[in-house]
Amino acid sequence: MTILQSFTEKHVLKIDGKLSELIQSIEAPAILKEAMNYSLIAGGKRVRPLFLLAVLDLLEVKHPESFTVGSVIEMIHTYSLIHDDLPAMDNDDYRRGQLTNHKVFGEALAILAGDGLLTFSFGVLARLEDVPAEQKLELINLLSSAAGAEGMVGGQVLDIESERKIVTVDELELIHLNKTGALLTFSIEAGAILSSADSKTRKALKEFGYHIGLAFQIQDDILDIEGTTETLGKTAGKDVASEKNTYPALLTLEGAKNKKEWHYNQAVKSLRYISSEPVLLDELAAYIVNRNK
Ligand code: GRG
């Protein structure tokens, strides 16, 4: 077993434990908690919390709230998936290998489960115990930008607006920097904030986040072509069928792979400012850009 595999296995279990602890602590109607929990425990890769934890590993910091902050990011990510799958958006029946939230609980409850996850997340950050007030405010402020209209929500709108239009590579990049990259970069920055990292380290990590976010999305586009519905846990080939603007559509599959490789190389290059030797974060980056689901 590689160092990354043992890191991932151990930490995913702890993230899952923290997520169920957080959901259980909510005082809300049972059916709402059930709907929130349904999508959370459906088995995502937990990439965003793993990035946060790998940054702490790189900066040699052990933080008592790292799993809570990682779980917050996973809750926001899960809310975005629930809403993205709704009939008003992508209208998907499967996610993470099981029926989508609205297929099981109905549209109204799926919307509310997403709303519940989103708003609860900010409360969890506000209640963090072992984090100084100014760090909590910084986390809340940055997360609001990354997940909201200035980040993921804005990116989703740009994506919807680009449907049935051919966009340029620069326009596609702007969509993904917001829709996918912003929350991923927040995960990395959150690790830097919790570690009280200096500004040069933060700049290097932000640059890493920029490139790895784009490489992550390009691989997502590639998997739509090369992956199977069974492995992906969601419908493969949907982007192609709906003539969506993707990197392979704009650049060819070969061109998209080259671009992904370039962003990956840039990402790991930015880590060399922090550590001259490859670290766990390098391995996580390599896994992300070569993943099969
Ligand atoms: C509805 C506000 C709102 C936003 C939706 C994130 C998003 C924006 C939509 C999800 C659809 C999608 C393909 C987004 C691109 C980002 C991406 C690759 C998401 C899938 O993330 P993974 O691979 O999924 O980390 P798991 O299931 O492993 O957590």
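**Figure 1. Left-handed crossing of helices α10 and α13.** The crossing of α10 and α13 is left-handed in this predicted model. Helix α10 spans residues 199-226 and helix α13 spans residues 247-271; their axes come within 8 Å and cross at roughly 150°. Because this angle is over 145°, the limit for the antiparallel class, α10 is roughly antiparallel to α13. Sorted by class, the residues in the contact of α10 with α13 comprise 18 nonpolar, six polar and six charged residues.

**Figure 2. Packing of helix α4 against helix α6.** Helix α4 is formed by residues 66-84 and helix α6 by residues 107-126. The two helices pack at an angle of about 160°, and their axes are 8 Å apart. This angle makes α4 roughly antiparallel to α6. The crossing of α4 and α6 is left-handed.

**Figure 3. Residues at the contact of α4 with α6.** From α4, the contact includes Thr-68, Val-69, Val-72, Met-75 and Ile-76, together with Thr-78, Tyr-79, Ile-82 and His-83. These residues of α4 meet Ala-110, Ile-111, Gly-114, Asp-115, Leu-117, Leu-118, Phe-120, Ser-121, Phe-122, Val-124 and Leu-125 in α6. By class, 14 nonpolar, five polar and one charged residues make up the contact of α4 with α6.

**Figure 4. Helices α1 and α2.** Helix α1 covers residues 3-24, and helix α2 covers residues 30-40. Their axes lie 10 Å apart, and the helices pack at an angle of about 170°. The pair is therefore roughly antiparallel. On the α1 side, the contact is made by Leu-19, Ile-23 and Gln-24; on the α2 side, Lys-33, Met-36, Asn-37 and Leu-40 take part. The contact of α1 with α2 has four nonpolar, two polar and one charged residues by class.

**Figure 5. Surroundings of the ligand.** The ligand is surrounded by 19 residues. The closest of these residues are Lys-45, Arg-48, His-77, Asp-84 and Arg-96.

Figure 6. A polar atom in the side chain of Lys-45 lies 2.6 Å from an oxygen atom of the ligand. For Arg-96, an N or O atom of the side chain is 2.7 Å from an oxygen atom of the ligand. In the case of His-77, the distance between a side-chain N or O atom and an oxygen atom of the ligand is 2.8 Å.

Key:
Residues numbered from 1 in each chain as written. Predicted model: local features only at pLDDT ≥ 70, side-chain atom pairs only at ≥ 80, totals over all residues. Heavy atoms only, no water. Axes fitted to C-alpha atoms, helices over the stretch in contact; angles between N-to-C directions. Helix = DSSP H or I, 4+ residues; strand = E, 2+ residues; numbered from the N terminus. Parallel < 35°, antiparallel > 145°, perpendicular 65-115°, else oblique. Left-handed = near helix turned anticlockwise from the far one by under 90°. Contact = heavy atoms within 4.5 Å. Nonpolar A, V, L, I, M, F, W, Y, C, P; charged D, E, K, R; others polar. Near = heavy atom within 4 Å. Polar contact = N/O pair within 3.5 Å; in protein donor to acceptor, adjacent residues only side chain to side chain.
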